[in-house]
Amino acid sequence: MTGPAAFPPAGLRRLLNAVTRRTGLHYYMDKADLLEQVVGARMALHGCRTCHDYLALLADGARGDREWRELESAITIGETFFFRYAEQFAALERTILPRLIRRARATRHLRIWSVGCSNGAEPYSIAILLTRLLDEAGMNPADWHVEILGTDISTRALEQARQAEFSAWTLRDIAPAQCAAWFAPVSPRIWRLHECYRRMVRFRYSNVLDLLRPDGGPPGPFDLILCRNVLIYFAQAQAQALVHAMAGRLAPEGWILLGHSEPASCFAPSLETVRLPGTLAFRLPAKQGGDARDAPVASDMPRRRPTRALVPVPAVDSVAVATEIRQLADTGQVPLAMRMCRDHLLRHPMDTRIHFLFAVLAWGEGSLLQAEESFRRVIYLCRDHIMARCYLARLLEDAGGCVEANRLRQQMMELARRRPPDTVLPDGDGMTAGGLLRLARQASEAPAVRHAQVTS
């Protein structure tokens, strides 16, 4: 139910203000058309003729509270997958978690908070990584008391997170051998995370804005807080205030990781900025006489300069279609997402963004020939597309084509070397050229290096 009659200007302004006041999602202030689509579906469900009727429903006591939860779930963008943003997970693996393990060796107690956890892929990824690091350091994870809290405003996402069942799309960056080690198949396309990881994580409903209210939000202290791709939906001042509130819930020398595109980058004096390979992290200032090895490299980093695009910026229609396709795939509707790709490509056959997305979906569904063909089409249409070479190399290597896979990786690395290190790679989910080169080098290092970093 949409249109001028259902959304008169005064009513739409009231609705926008109510949503922003309740959720803090400043994101919709200049995207009223998107909010109209979501609210229109909820209005039709309840028989509301105008948004004034719907606002009255939202204000109707317990009934309104239930509808707010449904609306919050509907307007929350929950696209995510395991080990998203490889550079940040490299920083967690090589620096942040080893230091936390070293400091907690006596108590064997760690507390971690994943803000905006969506379907649980992020906190579960931390559980998998932390378990491996403890194993490699010769410590029994069962002897540690690890609390990983995942919170979100979407009750639907939290229900999915508690089930710990994931599609091939959500596991798309996990190699088959790792998938087999960490998950048990439920059906040909669904896998369930093993209990040893699930029991480390608990989930609860929480609005991050509660942090700005007295005694609001989960109580600290936390050794690590991950708040990635959450603050981009808030106004600058709110984002700053939320980070400072999170800093107040950190344990001594605890860490905060934000997304690459968050609206703020310096939080002094509450937090020190720590430059790690490929990413920035934030840490509660060390006490006088603390461990010098943990001292930050820089405490006041300048803002990053704008990055250069490797390919022409796609049309807005392409961006919107890609977002909708990702959301469908993330909720398990992969066949529908692939059909949307095909329909779009019939009208826009040169759209490399959708060709790439279709290739990843096809790979996750086991259509390897289709995936290979689509990755090759991306490379044909965009000769310097780095991530298409990266994915195609891995696909071919899994199929035994090591010679061509190595050739593609050499091309990939040569293209990456030609870019400024902080260039964000198209279709790389925040990956930079410099970060890709670092990860390629790290992949060839012996596992003993990681062990030494934890135990040193």
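Student: Where does α5 bend, and by how many degrees?

Tutor: Keep in mind that this is a predicted model. In it, α5 bends at leucine 92, by about 45 degrees.

Student: How do you know that the length of α5 agrees with what a helix should span?

Tutor: Helix α5 covers residues 86-103, so at 1.5 Å a residue its 18 residues should span 26 Å. The C-alpha atoms at its ends are 25 Å apart, which agrees.

Student: What makes α5 count as largely enclosed?

Tutor: A residue is buried when its relative accessible area is under 20%. In α5, 15 of the 18 residues are buried, so the rest of the structure largely encloses this helix.

Student: Why are α13 and α15 called roughly parallel?

Tutor: Helix α13 (residues 352-364) packs against helix α15 (residues 386-398) at an angle of about 20 degrees, and their axes are 11 Å apart. Angles under 35 degrees count as roughly parallel, so that's the label for α13 and α15. The crossing of α13 past α15 is left-handed.

Student: Which residues of α13 meet α15?

Tutor: Phe356, Val360 and Trp363 do, and among their partners in α15 are Met387, Tyr391 and Leu395.

Student: Why is arginine 69 called partly exposed?

Tutor: Buried is under 20% and exposed is over 50%, with partly exposed in between. Arginine 69 has 32% relative accessibility, so it counts as partly exposed. This arginine 69 sits in helix α4. Leaving aside neighbours within four places in sequence, arginine 69 contacts Arg22, Thr155 and Tyr205.

Notes. Residues are numbered from 1 along each chain as its sequence is written. This is a predicted model: local features need pLDDT of at least 70, side-chain atom pairs count only at pLDDT 80 or more; totals for chains, interfaces and linings use all residues. Side-chain values use heavy atoms; hydrogens and water are left out. Helices (H or I, at least four residues) and strands (E, at least two) are DSSP runs, numbered from the N terminus. The expected span of a helix is 1.5 Å times one less than its number of residues. The bend at a residue is the angle between axes fitted to the seven residues ending there and the seven starting there. Buried means under 20% relative accessible area, exposed over 50%, partly exposed in between (1.4 Å probe, protein chains only). Axes are lines fitted to C-alpha atoms, for helices over the stretch in contact, and angles run from 0 to 180 degrees between N-to-C directions. Angles under 35 degrees count as roughly parallel, over 145 as roughly antiparallel, 65 to 115 as roughly perpendicular and the rest as oblique. A crossing is left-handed if the near helix is turned anticlockwise from the far one by less than a right angle, and right-handed if clockwise. Contact means heavy atoms within 4.5 Å.
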